[in-house]
Amino acid sequence: MSQIALSDTGRLSLSGVLDYRTGTALREQGKKLLEHSAAEHILVDCAAIEKSSSVGIALLLAFMRDAQRLNKTLSIVNLSQDMQKIARVSELMPVLQIRN
């Protein structure tokens, strides 16, 4: 089961499997969470993602667009090696705001 949650401090946690079956629901839930968050900076934590297809990267990009539209900053932590490989192949590593 995939989940998304946002803490009061602006930590957006993704967990489970991110693929074509879960992507649409996570996208809608994440968008609503970002819109209702008072946090100025969003930290997307990917540590609990079990497996991801390119859908996971698409979600991160969508959340980045949402944050920009809402005048919030966003960074990503704990991106798995598999997701980093997808981002590299797609030439998206420079676009993603990944923090170590």
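Two strands pair if DSSP finds at least two bridges between them, and helices (H or I, at least four residues) and strands (E, at least two) are DSSP runs numbered from the N terminus. On that basis, strand 3 (residues 41-52) and strand 4 (residues 73-77) run parallel and are joined by 5 bridges. This is a predicted model, in which local features need pLDDT of at least 70 and side-chain atom pairs count only at pLDDT 80 or more, while totals for chains, interfaces and linings use all residues. Residues are numbered from 1 along each chain as its sequence is written, and side-chain values use heavy atoms, with hydrogens and water left out.

- The 5 strands form an open sheet in the order 1-2-3-4-5, and their pairing is mixed.
- Strand 1 (3-6) and strand 5 (98-99) stand at the edges with a single partner strand each, so one side of each has no neighbour in the sheet.
- The chain gets from strand 2 to strand 3 by way of helix 1, in a β-α-β crossover that is right-handed, meaning that, with the strands pointing away from the viewer, the path from the first strand over the helix to the second runs clockwise.
- Strand 4 and strand 5 pair in the parallel sense over 2 bridges, with I98 in strand 5 as the bridge partner of I76.
- From strand 4 the chain passes through helix 3 to strand 5, and this β-α-β crossover is right-handed.

- S75 is found in strand 4 and is buried, with a relative accessible area of 5%.
- Leaving aside neighbours within four places in sequence, S75 is in contact (heavy atoms within 4.5 Å) with H41, I42, L43, V44, Q97 and R99.

**Helices and their packing**

- Helix 1 (residues 23-36) lies across strand 1, strand 2 (11-18) and strand 3, and runs at about 5° to strand 1; axes are lines fitted to C-alpha atoms, for helices over the stretch in contact, and angles run from 0 to 180 degrees between N-to-C directions.
- Helix 2 packs on the sheet, where it touches strand 1, strand 2, strand 3 and strand 4, and its direction makes about 155° with that of strand 2.
- The axes of helix 2 (residues 54-69) and helix 3 (residues 81-89) come within 9 Å and cross at roughly 75°, which makes helix 2 roughly perpendicular to helix 3 (angles under 35 degrees count as roughly parallel, over 145 as roughly antiparallel, 65 to 115 as roughly perpendicular and the rest as oblique).
- In this contact, S54, G56, I57 and L60 of helix 2 meet M83, I86 and A87 of helix 3.
- The residues of the contact between helix 2 and helix 3 comprise 5 nonpolar, 2 polar and no charged; Ala, Val, Leu, Ile, Met, Phe, Trp, Tyr, Cys and Pro count as nonpolar, Asp, Glu, Lys and Arg as charged, and the others, Gly among them, as polar.

How values were computed: Buried means under 20% relative accessible area, exposed over 50%, partly exposed in between (1.4 Å probe, protein chains only).
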